[in-house]
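Biologist: I'm new to this one. Could you put it on screen and take me through it?

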Amino acid sequence: MAVGQIGNFLAYTAVPTVLVTPLGALGVPFGSILASYLLKEKLNILGKLGCLLSCAGSVVLIIHSPKSESVTTQAELEEKLTNPVFVGYLCIVLLMLLLLIFWIAPAHGPTNIMVYISICSLLGSFTVPSTKGIGLAAQDIFHNNPSSQRALCLCLVLLAVLGCSIIVQFRYINKALECFDSSVFGAIYYVVFTTLVLLASAILFREWSNVGLVDFLGMACGFTTVSVGIVLIQVFKEFNFNLGEMNKSNVKTD
């Protein structure tokens, strides 16, 4: 798992966020396939269809993803972080988080799954951009130039933001899993988290600026296909449903 997370971190520094975040869903179909062989867990026909859709949607995402990076240096990162549009977006996210954590979650969290999902997903607006920013800032830390000190300070700030975001996310993910079914939570969380992360990355890194209409529609279709696949795998995994039973029911009907 540690090696996987390191690879995930390196991916954020190498390719656009709009590609890495949706492709994180591939862990679900691969995990389900491995579990069916190694742990002898049942994978029904809907689960197999979900695995196929997730892989097909991922291929579409890769084909239509942005072909170039919009932010490649520390100076560009600092300029983006101080952009008034992104600062305004962060203020709105912080206000929503305060409302959700201190007023809405205590009253409605245990009965409404979207409360905890919204908190964890909004925190993704800090987690993923911070991860990508740390990778960019780290490139200048070990260089003997005047910008190395600024890069170190920026890296430490982003590390602090990343650490706080992850801790709060874990807290509310655990609360959600105590109150709701993990399969339903996982499916909805993936869709909402990915959507908000892509929104934050689009505002900060402007990765959509070089994406044409055809590629945009292709990525939207790919993300939708992956989301449907995840829902089929997660939500319907307890259904005892296979082709053999369908054939038996057809024979009885005839």
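Predicted model: local features only at pLDDT ≥ 70, side-chain atom pairs only at ≥ 80, totals over all residues.

Biologist: Let's start with the record. Which feature does UniProt place at residues 12-39 and 216-236, among others?

Modeller: The entry is an unreviewed one, and it lists several spans, including 12-39, 45-64 and 216-236. In the model, residues 12-39 are 79% helix and 0% strand, with end C-alpha atoms 31 Å apart. Residues 216-236 are 95% helix and 0% strand, and their end C-alpha atoms lie 30 Å apart. The name UniProt gives these spans is "transmembrane region".

Biologist: Now helices α4 and α10. How are they oriented to each other?

Modeller: Helix α4 covers residues 45-64 and helix α10 covers residues 213-235; their axes come within 7 Å. They cross at roughly 160°, and angles over 145 degrees count as roughly antiparallel. So α4 and α10 are roughly antiparallel to each other.

Biologist: And which hand does the crossing of α4 and α10 have?

Modeller: By class, their contact has 14 nonpolar, 10 polar and 1 charged residues. As for the hand, α4 passes α10 in a crossing that is left-handed.

Biologist: On to the largest nonpolar core. Which helix gives the most to it?

Modeller: That core has 40 residues, and those with the most contacts inside it are Tyr 89, Leu 97, Ile 119, Phe 185 and Tyr 189. Helices α6 (84-108), α7 (113-141), α8 (147-179) and α9 (182-205) each supply at least two of its residues. The one that gives the most, with 13 residues, is α7.

Biologist: How do α7 and α9 sit relative to each other: what is the term for their orientation?

Modeller: Their axes are 8 Å apart, and α7 passes α9 in a right-handed crossing. The packing angle is about 40°, while roughly parallel would need an angle under 35 degrees and roughly perpendicular 65 to 115. The two helices are therefore oblique.

Biologist: What separation do the C-alpha atoms of Thr 127 and Leu 159 have?

Modeller: Along the chain, Thr 127 and Leu 159 are 32 residues apart. In the model, their C-alpha atoms are separated by 9.5 Å.

Key
Residues numbered from 1 in each chain as written. Heavy atoms only, no water. Axes fitted to C-alpha atoms, helices over the stretch in contact; angles between N-to-C directions. Helix = DSSP H or I, 4+ residues; strand = E, 2+ residues; numbered from the N terminus. Left-handed = near helix turned anticlockwise from the far one by under 90°. Nonpolar A, V, L, I, M, F, W, Y, C, P; charged D, E, K, R; others polar. UniProt positions renumbered as here; feature names shortened; annotations may be inferred. Core = buried A, V, L, I, M, F, W, Y, C linked by side-chain atoms within 4.5 Å. Buried < 20%, exposed > 50% of the residue type's maximum accessible area, 1.4 Å probe, protein only.
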